[in-house]
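Open your viewer and keep the selection panel handy. We will go through this structure stop by stop, and I will tell you what to select next.

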There are 2 protein chains.
Amino acid sequence: MNELSLIKKITSLIPDASYIGDDTAYLKESEMVVTTDTLVEDVHFRLKTTTPHNLGYKAMAVNLSDIASDGAIPAYAFVSLSLPKNIDESFVEEFYKGMNELCSKFGIIIAGGDVTGAEKIFVNITLIGKTNGFKPARRSCAKAGDVVIVTGILGSSRAGLEILENEEKFCKVEKNVLEKFKNAHLRPFPYIDLGRKIVEQSKRTPAMMDTSDGLGDALFKISQSSNVAIEVMADKIPTDKDLGEIGEGKALEWALFGGEDYTLAACVEEDFGHKLAKETPEIQIIGKVIGKKANGLVKIISDKTIYEITEEMIINKAFRHFL
Amino acid sequence: MNELSLIKKITSLIPDASYIGDDTAYLKESEMVVTTDTLVEDVHFRLKTTTPHNLGYKAMAVNLSDIASDGAIPAYAFVSLSLPKNIDESFVEEFYKGMNELCSKFGIIIAGGDVTGAEKIFVNITLIGKTNGFKPARRSCAKAGDVVIVTGILGSSRAGLEILENEEKFCKVEKNVLEKFKNAHLRPFPYIDLGRKIVEQSKRTPAMMDTSDGLGDALFKISQSSNVAIEVMADKIPTDKDLGEIGEGKALEWALFGGEDYTLAACVEEDFGHKLAKETPEIQIIGKVIGKKANGLVKIISDKTIYEITEEMIINKAFRHFL
């Protein structure tokens, strides 16, 4: 079973699945949102390519990004660690320093957790955020007439992964360029403040997701949940000017399917979107919501062709069909 | 590093550790308690000795027991699964049926989770409970003059583990006796209703813990956190009448250090303890809180000797010193 069909199966096994299907669960009466994410050694990270400090940082960042995608305020973290016997004290110290970097920045309290043995390192963080009077952004809130915005550049994390896995291939690239992309992968920035701003200042609840599984995945899920069609102009998707040096001809594919950028993608009212883009340098308008569509439809329009995003592309992290 | 020193190290690395140190974190302003627990294949369970259904049941039960030890009401569960590629659909189905058994019994909503790949099965559950107007029981609330109570029998889970690991050794024991102990290990009962009753009816907030790491560990931690000394009468600790058939001469050791019984141990006002014991068949008075003691002291008094529980005994799950 792939992850997508496994999640569908699991959802069918939960008697009341009304809390499932967004980046977080919204506990309305408590004005809270909750998210949980796991990082597994040799599945999500390798100790050869990350430091314990950056691992702690990233484990917290990926959960923060889910809270950011609601426009909520992170508050309490619960950290479960499974560690091999031979792990030393300095690993634990550095790992917590990495988490603390983000905890102190965003006022998060580590309020609990669990420690067990294991053959590989497992990190699970559950993060609770507060909505403080605002309804959190949901995938299902996009409306025809909205514009599609993103809060940062895309594809850089995938480029960083490429470098980390095959550094020798890039010996001719400038060192600071390599570092920039590696950092994008190892130390993603959670857009807590921008997520909050978008939800607080929007006239109605926006649709928002993070691009942890790629921009294509985020827009496809918003389009499905909201029953709308989305059109994106390929040349409006912001990418790093040096991206082509790492993945020649891959920029659009990495931006759409690379994943782990943790940029936010949102659908907001047209005038509000333009206001945001004008006053916030990081925010770009990349497309629009064009109308009803029962099973989701995302078109990526470039000057050469029009791609229609499919689940298959999202699973394979690559283009397959084109129209 | 052993688990105890690892937890001490981690606590020292958390800037505000005021939420750490009980079975749950108490989020006062939200009237919530939160707990998290991980089960790792070949560390906490083996697929040879448990079914996917019972694994789901137990993963939920161990978290429920932490909520029970607060006297709180379980509400929302977040389930993170890491699964090897070769796992089939029926595993996931049975696992969720096992969890659903307890979710429907206690009105719990599975509100989120995460699925990842891994070489071994990992189950992490974060459970949120509601305190509904009552301050949750804390380890630090025991007072001189209290009686010590437990809500069920002890040592049976350890006996069940012994049978599951060496079934051939017990070919002469009756089948229903073997099943009883195996069930105690595989399908522990979370004392949600009794935990709630103890907190609701007590004149003041009681000290309470579950005996997930053994009665000795629970009483030692209560004694340390509350700065009190505790005396337990060995012959008052309730055990199954057939326990001796599985572990000859081991009954007291298994009751104190075996762990995974998920019975509650509490220190409550003397008159309230007697009232509870009178009206509730499961509840037994096993000892008393006798006075101040800065670093914790638990004496187990039998007709032959007096044991003083040490951290070493808890780590080794066995007696070592005696007075």
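Begin by selecting residues 52-68 of chain A, helix α2, and residues 89-106 of chain A, helix α3: they pack at an angle of about 40 degrees, with axes 6 Å apart. (Helices are DSSP runs of H or I of at least four residues, strands are E runs of at least two, and both are numbered from the N terminus; axes are lines fitted to C-alpha atoms, for helices over the stretch in contact, with angles from 0 to 180 degrees between N-to-C directions.) That angle makes α2(A) oblique to α3(A), since angles under 35 degrees count as roughly parallel, over 145 as roughly antiparallel, 65 to 115 as roughly perpendicular and the rest as oblique.

Now show the side chains. Among the α2(A) residues that meet α3(A) are A:Leu55, A:Met60 and A:Leu64, and the α3(A) partners include A:Phe91, A:Phe95 and A:Phe106. Contact here means C-beta atoms, placed from the backbone, within 7 Å. The contact of the two helices has 14 nonpolar, 4 polar and 3 charged residues. (Ala, Val, Leu, Ile, Met, Phe, Trp, Tyr, Cys and Pro count as nonpolar, Asp, Glu, Lys and Arg as charged, and the others, Gly among them, as polar.)

A word on what you are viewing: this is a predicted model, in which local features need pLDDT of at least 70 and side-chain atom pairs count only at pLDDT 80 or more, while totals for chains, interfaces and linings use all residues. Residues are numbered from 1 along each chain as its sequence is written, and chains are lettered from A and ligands numbered from 1 in the order in which they are written.

Next, color chain A by domain: 22-130 is domain 1 and 139-316 is domain 2, with bounds from an automatic or database domain assignment. Their centres, taken over C-alpha atoms, are separated by 23 Å. Where they touch, 20 residues of domain 1 contact 19 of domain 2. Which element gives the largest share of the domain 1 side? It is α2(A), with 10 residues.

Then find the open sheet of 7 strands in chain A, ordered β7-β9-β6-β10-β8-β11-β12 with mixed pairing; strands pair if DSSP finds at least two bridges between them. Its edge strands are β7 (207-210) and β12 (306-308) of chain A. Zoom in on β6 (147-150) and β10 (284-292) of chain A, antiparallel strands joined by 4 bridges. There, A:Ile149 stands opposite A:Ile285.

Finally, bring in chain B: 48 residues of chain A contact 48 of chain B. On the chain A side, β4(A) gives the most, with 9 residues.

Technical notes: Contact = placed C-beta atoms within 7 Å.
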